[in-house]
Amino acid sequence: MMLIKNGRVIDPRTGRDETADILVENGRICKIGQGLSAEGGQVIDASGCVVAPGLVDVHVHFRDPGLTYKEDIQTGAAAAKKGGFTTVVCMANTKPPVDSVETVRYVLEEGKKTGIHVETCACVSVGMKGQELTDMDALKAAGAIGFTDDGIPLMNEKLVYDAMMKAKELNVPLSFHEEDPAFITENGINAGKSAEALGITGSPALAEDSLVARDCMIALHTGASVNIQHISSGNAVKMVKLAKELGANVTAEVTPHHFSLDESAVLTHGAMAKMNPPLRTAADRADILEGIRNGSIDMVATDHAPHSAEEKAVTPLWKAPSGIIGLETSLALGVTKLVKEGHLTMVQLMEKMSLNPAKLYHLDRGYLEEGAEADLVIFNENEAWTVTEDELASKSHNTPFLGETLYGRVKYTICGGTVVYEAV
């Protein structure tokens with residue numbers, strides 16, 4: 001038995017935002033109310049802290065199997081726990097890719113050792129080659145909860161259509177990486193002022209916009225559940241809004257770096273601010289913030305993408321691999337850049353970081369109600385902390401936020417009624 005006392009309880013499903021106690025027994029919430037007691041149970045005083053559903057990240061790269069010098073399932077989960085996440089969804093671009101039943105089972109079995117929920121997607125196409133659909137029936141039966149070739153865009157429209165029709169039949173979502181390579185000269189850096197300063201052409205928003213438009217319309221006509229990954233272009237945000245209005249079952253995720261930074265960060269942070277799709281213009285960032293406010297963007301997802309220091313140090317910087325880590329800074333960036341700057345309430349932030357991500361994959365998580373699984377995060381929204389390498393549990397430290405002071409310190413992460421992380 002566990003009693004969490006005097007916390008600011010946030011439930012995005014009901015809109016609850018009040019000081020209350022939560023009583024946990026046998027891994028589930030058995031009571032939410034005032035003046036509760038737990039004879040002989042563990043007591044956590046959450047005074048001055050937010051108590052919210054455990055965070056859910058629908059987009060992480062744990063590099064396992066095959067690239068574990070960057071990260072593995074255990075170190076990735078450690079970073080997730082420290083960031084307040086109780087559920088993560090792994091992407092399929094491992095080595096080998098998650099296009100077989102055996103690899104799905106490997107990821108899920110390793111995930112069971114972590115103390116949190118580690119779910120996985122499987123590949124849309126065999127070998128992530130974009131030519132032949134995987135055996136989606138078998139992969140779902142093995143435990144894959146969705147399908148994606150994240151990291152590589154699908155350029156065969158017929159295959160995209162067939163994947164959507166199959167995904168609709170299986171009642172699973174498809175998540176798409178939207179960057180048409182035909183328009184990209186150097187990836188990871190926006191075709192704009194920073195690219196000009198570096199003497200390169202870069203990656204224009206057109207590469208993203210063209211595929212988002214295509215897939216929103218195919219989604220509209222198939223009725224499939226389609227998630228636009230790591231949206232970065234203002235036009236793409238508006239197209240998702242239009243697709244929703246037309247009746248398409250389309251969602252969009254945004255990373256903390258895309259709502260926090262713009263293309264100028266590349267000139268300050270170099271390869272640590274290089275990612276696919278790239279940080280775009282200040283105007284694009286403003287459109288992203290508007291999309292977060294008006295609901296066009298449904299969820300925050302980190303796209304946690306670890307790389308070694310040696311890889312990120314490759315010169316020139318546009319030849320370094322794209323991607324940054326994000327699990328340990330995501331909540332704090334949400335609090336600092338979205339809540340404290342007035343774009344979202346705390347209830348709305350939890351909707352985008354717990355409830356909506358869980359809904360995408362049909363997971364019965366992301367809310368705090370009596371009878372629900374006791375997956376919780378307890379954090380102090382007003383406590384400032386500085387991002388340092390010593391703070392990071394991830395095996396890799398590739399982030400542009402090193403040295404930045406943020407608000408929102410995770411105190412406890414609780415999964416299934418068990419404390420899996422406690423701040424020291």
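Residues are numbered from 1 along each chain as its sequence is written, and side-chain values rest on heavy atoms, with hydrogens and water left out. In this predicted model, local features require pLDDT of at least 70 and side-chain atom pairs count only at pLDDT 80 or more, whereas totals for chains, interfaces and linings use all residues.

The largest nonpolar core comprises 99 residues, and those with the most contacts inside it are Leu349 and Phe379. A nonpolar core is here a set of buried Ala, Val, Leu, Ile, Met, Phe, Trp, Tyr and Cys residues joined through side-chain atoms within 4.5 Å. Buried denotes under 20% relative accessible area, exposed over 50%, and partly exposed the range in between (1.4 Å probe, protein chains only). Not counting residues up to four places away in sequence, Phe379 touches Cys49, Val50, Ala52, Leu331, Val335, Met346, Met350, Arg409, Val410 and Lys411, contact being defined as heavy atoms within 4.5 Å.

Met346 is situated in helix H13 (residues 346-360); helices (H or I, at least four residues) and strands (E, at least two) are DSSP runs, numbered from the N terminus. Met346 counts as buried because its relative accessibility is 3%. With neighbours within four places in sequence left aside, the contacts of Met346 are Arg8, Ile10, Val50, Val335, Val339, Phe379 and Glu381. The C-alpha atoms of Met346 and Asp17 are 8.6 Å apart in space, although 329 residues separate the two in sequence. Helix H12 (residues 330-339) is largely enclosed by the rest of the structure, because ten of its ten residues are buried. Among the buried residues of H12 are Leu331, Val335 and Val339, together with Thr336 and Lys337.

Helix H6 (residues 205-222) and helix H7 (residues 234-246) have axes that come within 9 Å and cross at roughly 10°. H6 is therefore roughly parallel to H7. Axes are lines fitted to C-alpha atoms, for helices over the stretch in contact, and angles run from 0 to 180 degrees between N-to-C directions; angles under 35 degrees count as roughly parallel, over 145 as roughly antiparallel, 65 to 115 as roughly perpendicular and the rest as oblique. In this contact, Glu208, Asp209, Val212, Ala213, Cys216, Met217 and Leu220 of H6 meet Asn235, Ala236, Met239, Val240, Ala243 and Leu246 of H7.

The count of disulfides, each a pair of cysteine sulfur atoms within 2.5 Å, is zero. The sulfur of Cys49 lies 19 Å from the closest cysteine sulfur, in Cys415, and is therefore too far away for a bond. Cys49 is buried, with a relative accessible area of 10%. Cys415 is likewise in no disulfide, the nearest cysteine sulfur, that of Cys90, being 14 Å away. Cys415 is buried at a relative accessible area of 8%.

Cis peptide bonds join Asp64 to Pro65, with omega about 20°, and Thr315 to Pro316, with omega near -10°. Pro65 occupies the loop between strand E6 (55-60) and helix H1 (73-82), while Pro316 is in the loop between helix H11 (309-312) and H12. His230, although not a glycine, has a positive phi of about 30°. This residue, His230, is placed in the loop between strand E11 (226-228) and H7 and counts as buried at 2% relative accessibility. A positive phi, near 60°, is also found for His362, in the loop between H13 and strand E14 (376-386).
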